[in-house]
Amino acid sequence: MPLGQSKGENATLLYRLGRPLARFCFGTFGRMEVIGEENVPPHGPVILVCNHLAFTDPPLLVAAIPRPLHFLGKKELFENPMGKFLMRGFHVFPYDRTTASTETMRTMLGLLDQDRAVVVFPEGTRSKSHSLQEAQLGVVYLALKSQAPILPVGVTGTQNMRAWRMPAPLCRLTASIGPPFTLPVVEGRIPRPVMQGMLRTVMERVALQLPPEFRGVYDPAGNANEE
């Protein structure tokens, strides 16, 4: 079994070929730096939580994380045969942005139940300011329901890498990986303020993996000053 791959976690051929190619291109032409790679759990379910700067964030994560990742992508990406081939090849599962999130949650819980590593961008959309913006509670529901560890990751540089420039980004790319952690087990109905507090904990862990100018509303230093 390949290093960092858990039981039943078989990457597609496209993923197995694409990851070393991405590492070569980003490392040679993009000065890619991966910090904290030893923090990635080698097996078992994990929720990778990351800031969202650009469409090119997922390719950087694929190159940086030493085990297969699974993503969610809007269903429009699957509408043509080539798009469907690429999305499926890189473990992207379609979701419908116009419907309730129940099906999305069910998909992600199913992946975690199979000991997969799933990627969540809690902000829901790319940050135009490049700093962390208000996140959504879905990641907290997912973590509480699955009790899977959370792996905080901060990426920078992807905001300067256009999709057509991925083979030769010519910019510095960084993925900083923090220690995994879990949310406390809470019985019964959880009040929304408690959920919001858990969300802030998650996002501050991500913020700690980013330079201060990227931390936005989840800057731990700023939060401490407010208190």
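These questions and answers cover a sheet and a helix in a predicted model.

Residues are numbered from 1 along each chain as its sequence is written. In this predicted model local features need pLDDT of at least 70, side-chain atom pairs count only at pLDDT 80 or more, totals for chains, interfaces and linings use all residues, and side-chain values use heavy atoms, with hydrogens and water left out.

Me: In what order do the 7 strands of the open sheet run?
Reply: Strands are DSSP runs of E with at least two residues, helices runs of H or I with at least four, numbered from the N terminus. Two strands pair if DSSP finds at least two bridges between them. The pairing in this sheet is mixed, and the order is β1-β7-β6-β2-β5-β3-β4.

Me: Which are the edge strands?
Reply: An edge strand of this sheet pairs on one side only. That applies to β1 (32-35) and β4 (92-95).

Me: How many residues of β2 are buried?
Reply: Buried means under 20% relative accessible area, exposed over 50%, and partly exposed in between (1.4 Å probe, protein chains only). Strand β2 spans residues 46-50 and is mostly covered. V46, L48 and C50 point one way, I47 and V49 the other, and all are buried.

Me: Why do the side chains of a regular strand point to two faces?
Reply: In a regular strand, side chains alternate between the two faces of the sheet. In β2, I47 and V49 take one side. On the other side are V46, L48 and C50.

Me: Which residue in β6 is the bridge partner of C50?
Reply: β2 pairs with β6 (residues 150-156) in the parallel sense, over 4 bridges. The partner of C50 there is V153.

Me: Which residue in β5 stands opposite V49?
Reply: β5 covers residues 117-120 and is joined to β2 by 4 bridges in the parallel sense. Opposite V49 stands V120.

Me: Which residue caps the N-terminal end of helix α3?
Reply: Helix α3 covers residues 81-89. A side-chain oxygen of the capping residue lies 3.2 Å from the backbone nitrogen of M82. A polar contact is a pair of N or O atoms within 3.5 Å; within protein, one must be able to donate a hydrogen and the other to accept it, and residues adjacent in sequence count only if both atoms are side-chain atoms. The cap is N80.

Me: Is M82 buried or exposed?
Reply: M82 lies in helix α3. Its relative accessibility is 53%, so M82 counts as exposed.
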